Amino acid sequence: MLVILVLLVIIIFVSVLNILSEILSKSKCPDASTLKRVVLGRARNSPGLVSSVQKHLGRCEKCRSKIDGIVNGAKNEMEI
Ligand SMILES: [Zn+2]
């Protein structure tokens, strides 16, 4: 009985944490340099950051529209 109770508490705790992190990542946009690093694949050494930014991009129209600018800017940098 106690085991079931503990499991329930853990499940509730994890789902609350998920909801909280969802709310936090929804309200906060990554800054321009972070976004650039992730989009250009320069943040491979921090997979947590990459996945959180990717999740954010799935929801945030504003940041998605910045990606085009970043990619074009990177192309220009390479041509110079
Ligand atoms: Zn955003």
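User: What should I know about the numbering and the model before we start?

Analyst: Residues are numbered from 1 along each chain as its sequence is written. The model is predicted, so local features need pLDDT of at least 70 and side-chain atom pairs count only at pLDDT 80 or more, while totals for chains, interfaces and linings use all residues.

User: What is the mean pLDDT of the protein, and where is confidence lowest and highest?

Analyst: pLDDT is the predictor's confidence in each residue, from 0 to 100. The mean for the protein is 89, and 95% of its residues reach 70 or more. Confidence is lowest in helix 4, at a mean of 87, and highest in helix 2, at 92. Helices here are DSSP runs (H or I, at least four residues), numbered from the N terminus.

User: Which residues of helix 2 are buried, and how do you know whether they line one face?

Analyst: In helix 2 (residues 32-39), the buried residues are Leu35, Val38 and Val39. Seen down the helix axis, they fall within an arc of 95°, so they line one face of the helix. That arc is taken from the directions from the helix axis to the C-beta atoms. Among what covers them are helix 3 (47-59) and helix 4 (61-79).

User: How do you classify the angle between helix 2 and helix 3?

Analyst: Their axes come within 10 Å and cross at roughly 100°. Angles of 65 to 115 degrees count as roughly perpendicular, under 35 as roughly parallel, over 145 as roughly antiparallel and the rest as oblique. Helix 2 and helix 3 are therefore roughly perpendicular to each other. The axes are lines fitted to C-alpha atoms over the stretch in contact, with angles from 0 to 180 degrees between N-to-C directions.

User: Which residues make that contact?

Analyst: Thr34, Leu35 and Val38 of helix 2 meet Leu49, Val50 and Val53 of helix 3, where contact means C-beta atoms, placed from the backbone, within 7 Å.

Notes. A residue is buried if 20 or more other C-beta atoms lie within 10 Å of its own, exposed if 12 or fewer, and partly exposed in between; C-beta atoms are placed from the backbone. Helices (H or I, at least four residues) and strands (E, at least two) are DSSP runs, numbered from the N terminus. Two residues are in contact if their C-beta atoms, placed from the backbone, lie within 7 Å.
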